[in-house]
Each structure stands twice: as structure tokens, then as C-alpha cells.
Amino acid sequence: MSKLMILLVEDEESLASFIQSELQFEGYRVVWAKDGQEALEIFNEQAVDLLLLDWMLPKYDGLTVARRIRKASAVPIIMMTARNQTTDIVSGLDAGLDDYLTKPFDIEELFARIRVIERRLSKQEEIVLT
Ligand code: CA
């Protein structure tokens, strides 16, 4: 399976550019959206395999973006946020998130969680092929 196309949605530019370069170094393709509206526009235009989604965003927040995308797509979504209250995590997962990463996080943990999603996607691909 070729490396995933990741839509990174993060309004904090320095963090976004750090994550983007780390992901690209690992061989992933990355497009960056700086707010919720841009995220939805890019998602509608490009074949995205995975969303890395910040919660607190200008225009539409991450939860709104996740809910809108879930209406039309089963694309994996990992939320990245400083919100670590159980109620936030529960409402995020109930809104259709696949995973939840509390900021600040170690980039190695993000990679590991992406690999979990990759394994799941490649299993689905095998099932489709057989
Ligand atoms: Ca933010």
C-alpha cells in the first residue's frame, strides 16, 4: 500500500509545519489546512486517506468538521487537542473520531497511532481484493 495522503488541520502554524515535515520525512503525503472551512474544502477536492484534526480552530471547530465529514465519509480521523476532559473525549469519539491524542504529545506516539490506522486500512484493502 502506498503511503497515506494526510490532511493536517492545525491553525498553529509552527506546530503544523513541525508535524508536516516530520510526516513527510516518514514518507507520508501531507496537505495542510489552517482552519475548519479550508479543511472541508480540501477534503471535498482531494483524495484524503486520513485526517489529523485540531479541535480549537478558526471558522469551524474540529468537532464540527468531524461531524460534517462523517455524514459523507468513513475516512479515519485522529483528533489532536489540549482538551483532556473525559466529557470532551467521549463527545469527540461519539462524533465519529477514530482516535484522540492529547496535546502536547510525542511525535512518535502520533506515528504509532497512524500505523494502527494504516494496518486497519490495509486489512480492509485485502478483504476487498479477496
Ligand atoms: Ca488550535
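Contact here means heavy atoms within 4.5 Å, and the views below all come from a predicted model.

**View 1. The surroundings of Ile77.** Beyond its neighbours within four places in sequence, Ile77 is in contact with Leu50, Leu51, Leu53, Ala66, Ile69, Arg70, Leu97, Asp98 and Asp99. Ile77 is also one of the residues with the most contacts inside the largest nonpolar core, alongside Leu7, Val9, Leu51, Leu53 and Ile69.

**View 2. Helix H2 beside helix H3.** Here the axes of H2 and H3 come within 9 Å and cross at roughly 20°. Angles under 35 degrees count as roughly parallel, and the two helices are therefore roughly parallel to each other. The crossing of H2 past H3 is right-handed. On the H2 side, Gly36, Ala39, Leu40 and Phe43 make the contact; on the H3 side, look for Val65, Arg68 and Ile69.

**View 3. The calcium site.** Asp11 (OD), Asp54 (OD) and Met56 (O) coordinate the calcium ion at 2.0 to 2.3 Å. Along the chain, these donors follow the spacing D-x42-D-x1-M. Asp11 sits in the loop between strand S1 (5-9) and helix H1 (13-25), while Met56 sits in the loop between strand S3 (50-54) and helix H3 (62-72), so this pair ties together parts 45 residues apart in sequence. Asp11 is partly exposed, its relative accessible area being 35%.

How values were computed:
Residues are numbered from 1 along each chain as its sequence is written. This is a predicted model: local features need pLDDT of at least 70, side-chain atom pairs count only at pLDDT 80 or more; totals for chains, interfaces and linings use all residues. Side-chain values use heavy atoms; hydrogens and water are left out. Donors are N, O and S atoms within 2.8 Å of the metal (3.2 Å for Na, K and Ca); water is not among the atoms, so sites may look incomplete. Helices (H or I, at least four residues) and strands (E, at least two) are DSSP runs, numbered from the N terminus. Buried means under 20% relative accessible area, exposed over 50%, partly exposed in between (1.4 Å probe, protein chains only). A nonpolar core is a set of buried Ala, Val, Leu, Ile, Met, Phe, Trp, Tyr and Cys residues joined through side-chain atoms within 4.5 Å. Axes are lines fitted to C-alpha atoms, for helices over the stretch in contact, and angles run from 0 to 180 degrees between N-to-C directions. Angles under 35 degrees count as roughly parallel, over 145 as roughly antiparallel, 65 to 115 as roughly perpendicular and the rest as oblique. A crossing is left-handed if the near helix is turned anticlockwise from the far one by less than a right angle, and right-handed if clockwise.
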